[in-house]
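Please look over the entry below before reading my comments.

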Amino acid sequence: MWAVVVVSNLVLGLLCLLTAWQLWHFKRRLARAADILLAFERSVQHVLERAPDAIYRKDGGIQQLRATYQGLEPQWQRAQKALALLSLGQSLWQRRLMFLAPRSRSTRQAARRSL
């Protein structure tokens, strides 16, 4: 009977030792993970500490670009109008040349019908 008690005590002691050893390893892994997360948090905080200044600097650049764009918009519209006028003039010139060019009678009649 004493042998059963001693053996069961030894088995329970070994199970407790195994559990303690696994918990100790789990604690070490958890500590390593916590250290990694803290290092990550520090690096993110370091980056984000400088973010407001960068945002303010970029915002000033964006406002300057908007002002430049607004100044260029009327020039762009004038250029578009000028190109449209040139295109219209070119098409009118081609039509004029088409009517002035010597052609046969049937070609002139076909050209008039297409207009």
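Predicted model: local features only at pLDDT ≥ 70, side-chain atom pairs only at ≥ 80, totals over all residues.

1. Residues are numbered from 1 along each chain as its sequence is written, and side-chain values use heavy atoms, with hydrogens and water left out.

2. The chain averages a pLDDT of 86 (the predictor's confidence in each residue, from 0 to 100). A score of at least 70 is reached by 87% of the residues. Among the elements, α1 has the highest mean, 95. Helix α3 (residues 105–114) has the lowest, 61.

3. The chain has three helices and zero strands (DSSP runs: H or I, at least four residues, for helices; E, at least two, for strands; numbered from the N terminus). The order is α-α-α.

4. Of the 115 residues, 1% are buried (under 20% relative accessible area, 1.4 Å probe, protein chains only). The chain exposes about 11,000 Å² (Shrake-Rupley method, 1.4 Å probe). Carbon and sulfur atoms supply 67% of that area.

5. Val-7, Val-11, Leu-12, Leu-15, Leu-18, Trp-21 and Trp-24 make a nonpolar surface patch of about 710 Å² (residues with over 30% relative accessible area and no salt bridge, nonpolar side chains joined within 5 Å; a salt bridge is a side-chain nitrogen of Lys or Arg within 4 Å of a carboxyl oxygen of Asp or Glu). Leu-12 lies in helix α1 (residues 2–49).

6. What lies over the face of Trp-24? Arg-28 does, at 5.0 Å from the ring centre (cut-offs: NZ of Lys or CZ of Arg within 6 Å of the centre and within 35 degrees of the ring normal).

Key: Patch = residues over 30% accessible without salt bridge, like charges linked within 9 Å, V, L, I, M, F, W, Y side chains within 5 Å. Buried < 20%, exposed > 50% of the residue type's maximum accessible area, 1.4 Å probe, protein only.
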